[in-house]
Amino acid sequence: MKTEDYALILETAGIRPTSTRLLIYEAIAGQTDTFSLSTLEKELDSIDKSVIFRTLVLFHEHHLIHSVDDGSGSHKYCICHNHGHCNDDEAHCHFYCEVCQNTYCLSQDLIPHIDLPEGFIARKVNYIVKGVCAKCASKHQK
Ligand SMILES: [Zn+2]
Ligand SMILES: [Zn+2]
Ligand SMILES: [Zn+2]
């Protein structure tokens, strides 16, 4: 994707595409799995940390990124592949590796439908599988 495309995504979401925001969105688009504030801070060390933080909050408010609660206590996010227009196909499960503490997007595994008792309203569903990722498991075997 080109920078102009990213600018269009931000504009459509109602965010003014400043060059800093574009840099941050580009870094986010390059992530294959979930990321945290510190992931971006490491990649974008030329940008002030508080700016990155505020931009993440902004992107989250405009649904460009989803927050993921993996139970580790650190805030993680993954990109919204529909640029803020989420649909059910996007509600995927996550895998938290207890060894490397990475949280992987299981994009092919959708969150199963849950029949709630009458009167209950779901706001947010987190589906986290915990264990050891393939990379860590293969290290362990050696
Ligand atoms: Zn989405
Ligand atoms: Zn791992
Ligand atoms: Zn994800």
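Trainee: Which strand gives the largest share of the lining of the largest pocket?
Mentor: That's strand 2, with 4 residues. Keep in mind that this is a predicted model, where local features need pLDDT of at least 70, side-chain atom pairs need pLDDT 80 or more, and totals for chains, interfaces and linings use all residues. On bookkeeping, residues count from 1 along each chain as written, chains are lettered from A and ligands numbered from 1 in written order, and side-chain values use heavy atoms, with hydrogens and water left out.

Trainee: Okay, and how many residues line the largest pocket?
Mentor: 25 residues, and Ala91, Ile111, Arg123, Lys124 and Val125 lie nearest the centre. A pocket here is an open set of points on a 1 Å grid over the protein atoms alone where a 1.4 Å probe fits, with protein on both sides within 12 Å along at least five of seven lines; lining residues have an atom within 4 Å of a point. Strand 2 (65-68) and strand 4 (92-97) each give at least two residues to that lining. Helices (H or I, at least four residues) and strands (E, at least two) are DSSP runs numbered from the N terminus.

Trainee: Switching to the metal: which residues are the donors of the zinc ion, ligand 3?
Mentor: Cys78 (SG), His92 (NE2), His94 (NE2) and Cys105 (SG), at 2.0 to 2.4 Å. Donors are N, O and S atoms within 2.8 Å of the metal (3.2 Å for Na, K and Ca), and water isn't among the atoms, so sites may look incomplete. In sequence the spacing reads C-x13-H-x1-H-x10-C. Cys78 in strand 3 and Cys105 in strand 5 are 27 residues apart, so that pair links distant parts of the chain.

Trainee: What's the geometry of the zinc site?
Mentor: Tetrahedral, with angles of 99 to 116 degrees among the 4 donor atoms. Four donors get that label if all angles lie between 85 and 135 degrees.

Trainee: Is Cys78 buried or exposed?
Mentor: Buried, at 3% relative accessibility. Buried is under 20% relative accessible area, exposed over 50%, partly exposed in between (1.4 Å probe, protein chains only). Cys105 counts as buried too, at 15%.

Trainee: New topic: how many aromatic pairs are there?
Mentor: The count comes to 3. Rings of Phe, Tyr and Trp (its six-membered ring) pair if their centres lie within 6.5 Å; planes under 30 degrees apart are stacked, over 60 edge-to-face, the rest tilted.

Trainee: Why is the pair of Tyr25 and Phe59 edge-to-face?
Mentor: Because their planes sit at 85 degrees, with ring centres 5.7 Å apart. Tyr25 is in helix 2 (residues 19-29) and Phe59 in helix 4 (residues 49-61), so the pair ties together parts 34 residues apart in sequence. Tyr25 is buried at 1% relative accessibility, and Phe59 is buried at 0%.

Trainee: What about Phe35 and Tyr77, how far apart are they centre to centre?
Mentor: 6.0 Å, with 35 degrees between the planes, which makes the pair tilted. Phe35 is in strand 1 (residues 35-36) and Tyr77 in strand 3 (residues 76-79), 42 residues apart. Both Phe35 and Tyr77 are buried.

Trainee: Last one: which residues form the aromatic cluster?
Mentor: Tyr6, Tyr25 and Phe59.

Definitions and conventions: Tetrahedral: all angles 85-135°; square planar, octahedral: opposite > 155°, others 65-115°.
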